[in-house]
Amino acid sequence: MPHVAALYRYPIKGFAPERRERLQVEPGGRIAGDRVLAFRHADATEPEDEDGLDRWPKGGGLCVRDYPALNRLTLDYTAEQVRLSAGGEVIAQAGLDDGGRSQLASAVTEYLLSTPDGARLARPGRLPLSVVGDGQTATFTDRARGFVSVHSRTSLAALAEAVGTELDERRFRSNIALDGWDAWAEDELIGRQVRIGTVTFDVVEPIVRCLAVHANPETGLRDAPVMTTLTRTVGKKKPSFGILLLPVGGGGSIGVGDEVAIVP
C-alpha cells in the first residue's frame, strides 16, 4: 500500500532539514515551521508580489543551488534558539534577537568564506548577510503558493540506478517521501487528486530541478549529474523529479505511515 515513509521540514531556507513524525499543512499550502528564516544578501530585493502573495527570489540569499557547502552544516532549531555545527563542532548558538541574528550571520559568513563557495559570497553586494523572518511564519518558499513537495522512493531508486550511484533523498529537499508506488507513477498524476491521511491534495505539477540536487547532503560537493541524467537517460523533457501538491478545502495534519490514495 502506498504510504508516507518520511516527513521533512526546513526551518532555515537552504539549511539542513528536520525529520518529523507529523507535519501540519496550512490551508494555503505551506508547511507550518517550514522556511521561517533565511539568510539574505545585502543587496537582496524586497519580496515580489505573485498572485497576491509574497515571493522571495531564491537568488537573494543563501541556498544550496548557489552554496552547496551549506549541506555540511547541521541544524538544531527551536523558536528560541538556533544551533549550527560543522564537522561536529558548534559554530554558532544564538537566539533570534538582534544580537543573536548578528552572531548567526557572522558565523555562517566565516564558515562559507572558508569553503570553495567563498568566492561567490565575496562578490559585490552579497555581504553583510542578515537573518530575516520571524521564526514562525512559513515565508521563504521558492514559489508564492508554497506547495507541499513530494518524491517517491521507488523513483529515487530508479534514478540512482540511472546515475550510477546511491542518492540520499535529502538531496531533493522534499517535504514528503512516499513508498509503495511503481517507479515514475507520480508523473501520471498531474491534474488529479491524492489523499494523504485525511488531507486531499491537487497534484499541480512536476518539480523541475536546479543544481541543488547535484550537491551531496553529507559532503556539500556536487558529485552526481542528476539533471542531465533525468533528461538524457530517464527521458524527461525537463529535469523534473517529484511533484507539487496543494491542499483542497483547507489543510490538516499528515503523519509517517499515513496511506496515500488516488482520488477517483
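Aspartate 98 lies in helix α1, where helices (H or I, at least four residues) and strands (E, at least two) are DSSP runs numbered from the N terminus. With a relative accessible area of 69%, aspartate 98 is exposed; buried means under 20% relative accessible area, exposed over 50% and partly exposed in between (1.4 Å probe, protein chains only). The model is predicted, so local features need pLDDT of at least 70 and side-chain atom pairs count only at pLDDT 80 or more, while totals for chains, interfaces and linings use all residues. Residues are numbered from 1 along each chain as its sequence is written, and side-chain values use heavy atoms, with hydrogens and water left out.

**Helix α1**

- Aspartate 98 and glutamate 166 are 68 residues apart in sequence, and their C-alpha atoms are 42 Å apart in space.
- Helix α1 covers residues 98-113, and its 16 residues should span 22 Å at 1.5 Å a residue, which agrees with the 22 Å between its end C-alpha atoms; the expected span is 1.5 Å times one less than the number of residues.
- The buried residues of α1 are Gly100, Arg101, Leu104, Ala105, Ala107, Val108, Thr109, Tyr111 and Leu112.
- Among the elements that cover these buried residues are β7 (73-77), β8 (82-86), β9 (89-94) and α2 (118-121), contact being heavy atoms within 4.5 Å.

- The largest pocket holds about 440 Å³ of space. On a 1 Å grid over the protein atoms alone, a pocket is an open set of points where a 1.4 Å probe fits, with protein on both sides within 12 Å along at least five of seven lines, and lining residues have an atom within 4 Å of a point.
- Of the 27 residues lining the largest pocket, Arg35, Lys58, Asp142, Arg143 and Arg173 are the closest to its centre.
- The lining of the largest pocket comprises 11 nonpolar, five polar and 11 charged residues; Ala, Val, Leu, Ile, Met, Phe, Trp, Tyr, Cys and Pro count as nonpolar, Asp, Glu, Lys and Arg as charged, and the others, Gly among them, as polar.
- The second largest pocket has a volume of about 190 Å³, a volume being the space filled by probe spheres set on grid points joined across faces, edges and corners.
- Ala16, Asn71, Leu73, Arg170 and Pro217 are the closest to the centre of the second largest pocket, out of 13 lining residues.

**Cysteines**

- The count of disulfides (pairs of cysteine sulfur atoms within 2.5 Å) is zero.
- Cysteine 63 is in no disulfide, and the nearest cysteine sulfur, that of cysteine 210, is 7.0 Å away.
- Cysteine 63 is buried at 5% relative accessibility, whereas cysteine 210 is partly exposed at 22%.
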